[in-house]
Amino acid sequence: MAADEISGVRPATLRSRRKASEKCLNTFCICLFTAAAVACIAALTFGLVVLRVKIPTVKLTSVAVKNLHYGFSPTPFMEATLMGEITMENPNLGEFKYEEVRNVTLIYYGVAVGIGKVKRVGVNAKSIEKTKFIVKVKPNSSFVDVDYFSDDLARLKTMNMSCIAEFKGRIRLLKLFKEKKISVLKCSMSLNLTSHALQNLACL
């Protein structure tokens, strides 16, 4: 009789242990799945928000005009030195290191009339840096449109020009990730021949 009672108790005990074991296993699986889901969401958020790389912006913030001369003999001519300052803003969480800078070029009616070198700089995370350049502008009737050039010098006393440059580099995030980006400088301006000053400076 006692043996029957013991044999009846063992299956019940085994079933109870199995249920407890299954419950623990289910709980573990749920916790593991939840942790994996949270990790995936965190990684996705980190990738989209923290590591989302934006192109640093470059703008021509100021230009000073020096040694401006122009005239009409024997043909229309103009000479000037432009001293510009470029502002570089890096909105990312990693440093942007410029590895190659295409020279600043001044364009007048589709013709390059001046080229200046820009010093390569690095812009720290969430920072703004400034760099300068000097361009000697010397259009003449041998390579620019004589009619437009003459009219600008004689009547309008203004020369409308554009300024372009490219800044290629890499953004470094957490010392693990590097991504190439190209910042483009593209601005328009008007050179006032009477006041020897630059006007209507606007950058895209």
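This is a predicted model: local features need pLDDT of at least 70, side-chain atom pairs count only at pLDDT 80 or more; totals for chains, interfaces and linings use all residues.
**View 1. A hairpin of 5 residues joins β1 to β2.**

**View 2. Strand β2, which spans residues 77-90, is joined to β6 by 11 bridges.** These two strands, β2 and β6, also run antiparallel. Two residue pairs can be picked out along them: I86 has T131 of β6 as its bridge partner, while the bridge partner of A80 in β6 is V137.

**View 3. The strands β1, β2 and β6 form an open sheet in the order β1-β2-β6.** The sheet is built from 3 strands, and their pairing is antiparallel. Because β1 (57-71) and β6 (127-137) each have a single partner strand, they stand at the edges, and one side of each is left without a neighbour in the sheet. If direction is ignored, neighbouring strands of this sheet are turned by 10° against each other on average.

**View 4. Helix α2, made of residues 146-156, packs on the sheet.** The helix touches both β1 and β2, and the direction of α2 makes about 90° with that of β2. Is strand β2 mostly covered or mostly uncovered? Strand β2 is mostly covered, since 10 of its 14 residues are buried.

Technical notes: Residues are numbered from 1 along each chain as its sequence is written. Side-chain values use heavy atoms; hydrogens and water are left out. Two strands pair if DSSP finds at least two bridges between them. Helices (H or I, at least four residues) and strands (E, at least two) are DSSP runs, numbered from the N terminus. Axes are lines fitted to C-alpha atoms, for helices over the stretch in contact, and angles run from 0 to 180 degrees between N-to-C directions. Contact means heavy atoms within 4.5 Å. Buried means under 20% relative accessible area, exposed over 50%, partly exposed in between (1.4 Å probe, protein chains only).
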